[in-house]
Amino acid sequence: MRMAAKPAWATRTSVDPESACPIGPVVDIVFSRWTTPILWSLNEHGRQRFVELERRISTITPKVLTQRLRQLERDGLVVRTYHPEVPPRVEYEISELGRSLAPLFAHLAEWAAVNLEQVERARHDYDAQPGR
């Protein structure tokens, strides 16, 4: 008796996680804890100084805001402009690359408006189960 060949999806192989989920690196860049509120604020309110961002995202510490802005600048999602004045002025704005994420954020906001209530119900039902 001859066995049928396994379908390609059923063959177990060692796969690099980034190959298994090609959006993984994007999720790491765009959806880290503070990146989304920073990009959202810059997209919604335009060019801002550090202190303006800090006020709008009131729960972020100055140290973390500095780190995230540097990373976003390095990733090409934010543009930093230094003005050699007295006192010096630095402004941040979303880059064209960062702005290209706007449809993704809009789609996620739409998904949230439609589905978050269902997620909350599922959480409530799960937590209400005995032994949880």
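Two strands are taken to pair if DSSP finds at least two bridges between them. The model shown in these views is predicted, with local features requiring pLDDT of at least 70 and side-chain atom pairs counting only at pLDDT 80 or more, while totals for chains, interfaces and linings use all residues. Residues are numbered from 1 along each chain as its sequence is written, and side-chain values use heavy atoms, leaving out hydrogens and water.

**View A. Pairing of strand 2 with strand 3.** Strand 2 and strand 3 (residues 89-94) are joined in the antiparallel sense over six bridges; helices (H or I, at least four residues) and strands (E, at least two) are DSSP runs numbered from the N terminus. Val78 stands opposite Ile94 in strand 3, and Tyr82 has Val90 of strand 3 as its bridge partner.

View C. Ser41 is placed in helix 3. With 5% relative accessibility, Ser41 counts as buried (buried is under 20% relative accessible area, exposed over 50% and partly exposed in between, with a 1.4 Å probe and protein chains only). Leaving aside residues up to four places away in sequence, Ser41 touches Gly46, Gln48, Leu53 and Arg56, contact meaning heavy atoms within 4.5 Å.

View D. Two aromatic pairs are present in the structure. The ring centres of Phe31 and Phe105 are 6.2 Å apart and the planes stand at 80°, so this pair is edge-to-face. Rings of Phe, Tyr and Trp (its six-membered ring) pair if their centres lie within 6.5 Å, with planes under 30 degrees apart counted as stacked, over 60 as edge-to-face and the rest as tilted. Phe31 lies in the loop between helix 2 (24-30) and helix 3 (35-45), and Phe105 in helix 7 (residues 102-128), so the pair ties together parts 74 residues apart in sequence. Phe31 is partly exposed at 32% relative accessibility, whereas Phe105 is buried at 8%. Phe31, Trp40 and Phe105 form one aromatic cluster.
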